[in-house]
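Let's take a friendly look at the charged side chains of this protein and how they pair up. The sequence and structure come next.

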Amino acid sequence: MPARKETSAKRPGRANRGPSAGPENRRALVDAARAEFALHGSTVPLSRIAKRAGVGQGSLYRHFPGRTALAAAVFREDVENLCKQVEAAENPYTTLMNTIQERAPEAAALIDLLTAEEDLPDQAEALRSDLEGLVREVRRASVAAGHMPQRATEEELAAAIRMFALTLAHTAESTRQNTALRARRIIDSWFQSS
């Protein structure tokens, strides 16, 4: 009997690289989620995020058990990046507030998801800790540089940041800029030294 010749059928599309593609796929999913949340809000289909990332939905669920876990990963990374920007800034308070203003559409989706779900206490606690550290550092550096009065407390700054972010997150794009300017005049009058 003649030996059978082995043939392999090639599938169209990307080759499956197995576990070695894990970190690259995770990075692509976080980037895609950030873009899709900013463009389409918190209810964007996960299939759309997976497609933008160039991976299958199975890969998405291997890295993130659901929408909220994915949002938490995006938000945590954003907070880490913001911490680096604040550390390097001449005026940390202004850098923080400007970033919140610029990223309002993305923040809206992430805030909606993270406040609507209660199934991720570990991620929520880690995010809360990161945010508290960021607020503490912004206040400390701003007071030390003479950009913020000593009377402004961490608690007040945290409350102002939440109010500002949520206001912008739920304001129509057509009026967001004017709303941001009005809110900043009020908030800055307390947090900026004259």
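Is Asp78 buried or exposed? Asp78 is buried, at a relative accessible area of 12% (buried is under 20%, exposed over 50% and partly exposed in between, with a 1.4 Å probe and protein chains only).

## About the model

This is a predicted model, in which local features need pLDDT of at least 70, side-chain atom pairs count only at pLDDT 80 or more, and totals for chains, interfaces and linings use all residues. Residues are numbered from 1 along each chain as its sequence is written, and side-chain values use heavy atoms, leaving out hydrogens and water.

In one of them, Arg48 meets Glu36 at 2.9 Å, N to O. Because Arg48 sits in helix 2 (residues 46–53) and Glu36 in helix 1 (residues 22–40), this pair ties together parts 12 residues apart in sequence. Helices here are DSSP runs (H or I, at least four residues), numbered from the N terminus. Glu36 is buried at 3%, while Arg48 is partly exposed at 41%.

Asp78 has its own salt bridge, to Arg103 at 3.3 Å, N to O. It links Asp78 in helix 4 (residues 67–88) with Arg103 in the loop between helix 5 (92–102) and helix 6 (104–116), 25 residues apart. Arg103 is partly exposed, at 31% relative accessibility.

Glu137 and Arg140 form a salt bridge, their closest N and O atoms 2.6 Å apart. Both lie in helix 7 (residues 121–144), three residues apart, about one turn of the helix. Salt bridges with shared partners also join Arg27, Asp31, Arg34, Glu77, Asp78 and Arg103 into one network.

Definitions and conventions:
A salt bridge is a side-chain nitrogen of Lys or Arg within 4 Å of a carboxyl oxygen of Asp or Glu. Helices (H or I, at least four residues) and strands (E, at least two) are DSSP runs, numbered from the N terminus.
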